[in-house]
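Hi everyone, thanks for coming. Let me put the structure up, and then we'll talk about helix packing.

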Amino acid sequence: MAENDNSRAQEGERAQRRIDLPPYETVALMLQGGGALGAYQAGVYQGLHEVGIHPNWIAGISIGALNTAIIAGNAPEDRVTRLNQFWDTICQPAFGFPIPPMLERALFDSADEIRNAFTTYQAFSALVEGQKGFFVPRFPPPSPIATSTPQTASYYDTTPLKTTLESLCDFDRINSGETRVSVGAVNVATGNFAYFDNTQIKLRAEHFIASGALPPGFAGVEIDGEFYWDGGLMSNTPLYEIATATPRRDTLAFQVDLWSARGPVPDSIVDVMGRMKDVQFSSRTRLVTDQMQRAQRYRNVLRHVLDLLPEDVCKSDRWCKLAEELACSKHYNIIHLIYRQKEYEGHFKDYQFGFSTMREHWASGLEDIRRTLAHRDWLEMPNNESRFVTHDIHRDGR
């Protein structure tokens, strides 16, 4: 009886937390690349799940594509559990045994010098040993003077990742159309950016692995006779793809970035390497959204001008017909969630797969989305001149 009361209390608590969104046609989750930092995205998804927000379009690049596969490849009630299983797996060394959790946590929570040395060791371990269910070093390692094949021209082998994804994801569900799924990659031969989308093709594990095949660590992945590398080489966010999709739709998009364009000026060569990655992979998310806001303002103004013209003119004049194609009064609401680097993190933060670090990233994502969703007015459809708004708890200083 007490157990039933407990269960009813939990259901009541979930119902109170549930957020009913305005009638957006698209609710999108966009996941940037960033290696080990991707646990932040898992925390963000957990926060969305807590309030009953289930995106109908999920798009990702690199580690964002792998999180996309786990989310879209499972029933909503199983997604957080599967994300936990995925991250618990890849945060273990590829060979041998992980450090006992209590000792690992004690080292992580120690003085700054000990924690820095410990996290450096974990990053070094990833380079030397690889990560369980993700990648392992090639043996023998590739020679700088010998040729091989495109599938083996890399320092690491990602064959274990295929097994991991196929064990944790239901690809029939991914391809069912229940949720639109898109992942970005770069065609190695042409240099062109490509999106693999389940509305156009049947997605397999290889499409998600290709999106995260960052050279020279990982080899290009062959798909239908073409080889593909990590989409982050050209664009590390699917934001533009979703916000410019046609036909245009009222859209609420959660843009989850793992690299911050803003940061301190480095004063050591080690910090220079870390800051360089921030700048390289941040994808200028705020700049892109500013440009898109201006474009949407022009489309909305054009829509209002056309509505003032006589109907016969709009139907007969070729310039009005062209303007009709460009005009748009749809609503776009972009919610930014950008990971904030911790003081102890070095330039290896994207391949430092320690359990404690992963859990801290996850907790940061969960905290940021909870703080964001506390501003319920941020979720409303924008009715300003451009019908386009962006929100970011870090930018707004909240």
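So, α2 and α15 are oblique to each other, oblique being what's left once angles under 35 degrees count as roughly parallel, over 145 as roughly antiparallel and 65 to 115 as roughly perpendicular. Quick caveat: this is a predicted model, where local features need pLDDT of at least 70, side-chain atom pairs count only at pLDDT 80 or more, and totals for chains, interfaces and linings use all residues. Residues are numbered from 1 along each chain as its sequence is written, and side-chain values use heavy atoms, leaving out hydrogens and water.

Back to our pair. Helix α2 is residues 39–50 and helix α15 is residues 355–373; helices here are DSSP runs of H or I, at least four residues, numbered from the N terminus. Their axes cross at roughly 40° and come within 6 Å. Those axes are lines fitted to C-alpha atoms over the stretch in contact, with angles from 0 to 180 degrees between N-to-C directions.

Who touches whom? On the α2 side we have, among them, Tyr40, Val44 and Leu48, and they meet a set in α15 including Trp362, Leu366 and Ile369. Contact means heavy atoms within 4.5 Å. The residues of this α2 and α15 contact divide into 10 nonpolar, 6 polar and 3 charged.

Now, how do α4 and α15 lie relative to each other? They're roughly antiparallel. The axes of α4, residues 79–90, and α15 cross at roughly 150° and come within 11 Å. Val80, Leu83, Asn84, Trp87 and Asp88 of α4 make the contact with Phe355, Met358, Arg359 and Trp362 of α15.

Notes. Helices (H or I, at least four residues) and strands (E, at least two) are DSSP runs, numbered from the N terminus. Ala, Val, Leu, Ile, Met, Phe, Trp, Tyr, Cys and Pro count as nonpolar, Asp, Glu, Lys and Arg as charged, and the others, Gly among them, as polar.
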